[in-house]
Amino acid sequence: NSVIVKAPLVGTFYKSAKPDTPPFISEGDEIKEGQIIGIIEAMKIFNEIESEVSGKVEKILIKDSTPVEYDQNLIVISPE
């Protein structure tokens with residue numbers, strides 16, 4: 001019954017806003033609908049990725065600063 005967050009565009013995935021700041025989410029975190037869970041940079045534009053559900057972060061499937069393809073699985077969330 002998990003929800004998989006997929007990449008809405010091609011680019012580079014980042015777990016935090018800047019290299020020296022904590023990640024938006026970690027595995028095991030409780031998150032709310034609309035919460036920022038990552039950023040994808042495409043052509044020097046930083047696109048915030050928001051959670052579509054509230055729940056618990058089960059697994060982050062991709063490493064920080066990694067290229068992603070459109071519709072690639074990024075994060076698994078167990079909805080509340």
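Visitor: Contact here means heavy atoms within 4.5 Å. Going by that, what share of the contacts in the protein chain between residues at least 6 apart in sequence joins residues at least 24 apart?

Guide: Keep in mind that we're looking at a predicted model. Take the contacts between residues at least 6 apart, then pick out those that join residues at least 24 apart in sequence: the share comes to 60%.

Visitor: How many helices and strands does the protein chain have?

Guide: Start at the N terminus and read off the elements: they run β-β-β-β-β-β-β-β. That gives a count of 0 helices and 8 strands.

Visitor: What radius of gyration does the protein chain have, and why does it agree with a compact globule?

Guide: The C-alpha trace spans about 35 × 25 × 20 Å along its principal axes. A compact globule of 80 residues would have a radius of gyration near 12 Å, and the protein chain agrees because its own value is 12 Å.

Visitor: Let's talk pockets. Which element gives the largest share of the lining of the largest pocket?

Guide: The lining is made up of Val3, Ile4, Val5, Lys6, Pro8, Ile49, Glu50, Glu52 and Val53. Two elements give two or more residues to it, namely strand S1 (3-6) and strand S5 (45-50). The largest share, 4 residues, comes from S1.

Visitor: And how much space lies in the largest pocket?

Guide: Sorted by class, its lining has 6 nonpolar and 3 charged residues, with no polar ones. The space in this largest pocket is about 170 Å³.

Visitor: Is Ser51 buried or exposed?

Guide: Ser51 sits in the loop between S5 and strand S6 (55-60). Leaving aside neighbours within four places in sequence, Ser51 is in contact with Ile31, Lys32, Glu33, Gly34, Gln35, Ile37 and Ile77. Its relative accessibility is 3%, and the cut-off is under 20%. Therefore Ser51 counts as buried.

Visitor: What is the relative accessible area of Ile62?

Guide: You'll find Ile62 in the loop between S6 and S7. Ile62 is buried, and its relative accessible area is 6%.

Visitor: How far apart in space are Ile62 and Tyr14, C-alpha to C-alpha?

Guide: Along the sequence, 48 residues separate Ile62 from Tyr14. In space, their C-alpha separation is 9.3 Å.

Visitor: Which residues does Glu27 touch, not counting those up to four places away in sequence?

Guide: Glu27 has its place in the loop between strand S2 (11-14) and strand S3 (30-31). At 43% relative accessibility, Glu27 counts as partly exposed. Its C-alpha is 14 Å from that of Ser16, 11 residues away along the chain. The residues Glu27 touches are Val57, Glu58, Lys59 and Ile60.

Visitor: What phi does Lys44 have?

Guide: Lys44 lies in the loop between strand S4 (36-42) and S5, and it is exposed, with a relative accessible area of 69%. The C-alpha atoms of Lys44 and Gly11 are 33 residues apart along the chain and separated by 9.5 Å. Although Lys44 is not a glycine, its phi is positive, at about 70°.

Visitor: What about Asp71: where does it fall between buried and exposed?

Guide: Asp71 is in the loop between strand S7 (66-68) and strand S8 (73-79). It isn't a glycine, yet it has a positive phi of about 75°. Buried needs under 20% and exposed needs over 50%. Asp71 is at 42% relative accessibility, so it counts as partly exposed.

Terms used. Residues numbered from 1 in each chain as written. Predicted model: local features only at pLDDT ≥ 70, side-chain atom pairs only at ≥ 80, totals over all residues. Heavy atoms only, no water. 1 Å grid on protein atoms, 1.4 Å probe; cavity = no way out; pocket = protein on both sides within 12 Å on 5 of 7 lines; lining within 4 Å. Points joined across faces, edges and corners; volume = space filled by probe spheres on them. Nonpolar A, V, L, I, M, F, W, Y, C, P; charged D, E, K, R; others polar. Rg over C-alpha atoms; globule rule 2.2 N^0.38 Å. Buried < 20%, exposed > 50% of the residue type's maximum accessible area, 1.4 Å probe, protein only.
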